[in-house]
2 protein chains.
Amino acid sequence: MNAPAAIRKGRKFDDVLAGARTIFMRDGFEGASVDDIARAAGVSKATLYSYFPDKRMLFMEIARHECNRMAEATLEVVDFSAPPREVMTTTATSLLRFLLSDFSLQMFRICAAESGRFPELGQAFYKSGPEMGRNRMVEYLKIAIARGELAADDPDMMAEQFSELCKAKLWTRAIFGVQTEFSDTEINDVVSEAVETTLARYGA
Amino acid sequence: MNAPAAIRKGRKFDDVLAGARTIFMRDGFEGASVDDIARAAGVSKATLYSYFPDKRMLFMEIARHECNRMAEATLEVVDFSAPPREVMTTTATSLLRFLLSDFSLQMFRICAAESGRFPELGQAFYKSGPEMGRNRMVEYLKIAIARGELAADDPDMMAEQFSELCKAKLWTRAIFGVQTEFSDTEINDVVSEAVETTLARYGA
DNA sequence: ACAAACCTAAACTATTCAGTTCACTTTGGG
DNA sequence: CCCAAAGTGAACTGAATAGTTTAGGTTTGT
């Protein structure tokens, strides 16, 4: 009923997760030492290793957990009955703010970097991150298309393009550490440009 | 006249670069051992360290070198006097093929991953990669706008959006190792969708 | 043929880190 | 109040790795 390698037990389980989250986010995957994680969690290394078979599984658990949490939080803000321009603007703002968060950026860096030597991680992250987000978006798009508010032959592609447009300019700079602070003005600008371009193509 | 830490000398210099390129691309930055690099280069570790002050500077040199090489190669294919749809299609195809190459993906992973503990790398890569590409593209866009072939208030944003649209679907999968082979059909599809969307917004 | 510049091989230093082990202590449910 | 499960801490194993050093070998131009 559970994953290939077991992840069991608990009392300080949540402490370990919290500590690991902190250290992984600060130091990356390779950069984080298990000793540091145990110290940050206020837990002995032995306890940590009684929960998780190894460092990788610990990280996977964090990734899974936080991706779900964030994905849900991000989608709760939106009122899907509003007109498309509004829905898209709200969604894009919410998505872009998330994409620019320290957590999201660091998670992306780690999962991309490790996806070579650690393929399950890349797969898992893609599925519970970008793919899930896109699926949610497609659900909405299909409804809007049925309502005649949007015109897209391929809602999947539309969703991919829309998400991608949100990354223009700011995200690219963020991921390479070229820019670290983002004003509301900058964010609103990228969002409205993304919405305009999307509607120019797919507006009814 | 040169960077903070010197990178000089030579006879097997190019061998070192070639070996380092191979190993870094295979194992990432942290994953690559200097012993492996020296072995792959057919060179002693002492020689390697007589060229480069440390592993980081060695990697920076590779990145700089290869980014320039690739950027030039990618831009040579395009005939900028053709009509915009054709220029954009050719450019997008060339760009997307590059973005999906093992080299580009691995370079992106490494530079993104290390940009926290190693900020100069992120900066340098951004400038000689995405930023340079965008600048080249903007040069063309301004000409096409002057010709009345395109209508964009903000050519920088247009270029950012266009590049970003090329990453839809395939690149996201590639960076996380979810998909590793890409048919011409898939590539052409993403390219034509990117061109359509861009022209819907910015076509004259 | 010769010397300066270049290169080699291998051992060495010093550090870091994942994961294990074990004798001991804490905790909470019955 | 007791005991079994859960947790502790500290030492330990084993392996890797960046970067240095040394003593000697090879290339190069002239």
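H3(A) gives the most to the surface near DNA strand D, with 4 residues, where helices are DSSP runs (H or I) of at least four residues, numbered from the N terminus, and a residue is near a strand if its C-beta atom, placed from the backbone, lies within 6 Å of it. The model is predicted, with local features needing pLDDT of at least 70 and side-chain atom pairs counting only at pLDDT 80 or more, while totals for chains, interfaces and linings use all residues. Residues are numbered from 1 along each chain as its sequence is written, and chains are lettered from A and ligands numbered from 1 in the order in which they are written.

Around DNA strand D there are 17 residues, the closest being A:Arg11, A:Ala46, A:Thr47, B:Asp54 and B:Lys55. At least two residues of this surface come from each of H3 of chain A, helix H2 (34-41) of chain B and H3 of chain B.

DNA strand C is surrounded by 17 residues, of which A:Val34, A:Asp54, B:Arg11, B:Ser44 and B:Thr47 are the closest. Here two or more residues are given by each of helix H2 (34-41) and helix H3 (45-51) of chain A and helix H3 (45-51) of chain B, and H3(B) has the largest share, 4 residues.

Between the protein chains, 35 residues of chain B are in contact with 35 residues of chain A, contact meaning C-beta atoms, placed from the backbone, within 7 Å. On the side of chain B that touches chain A, at least two residues come from each of H6 (102-114), H7 (119-146), H8 (155-166), H9 (170-175) and H10 (184-202), with the largest share, 6 residues, from H7(B).

Conventions
Two residues are in contact if their C-beta atoms, placed from the backbone, lie within 7 Å.
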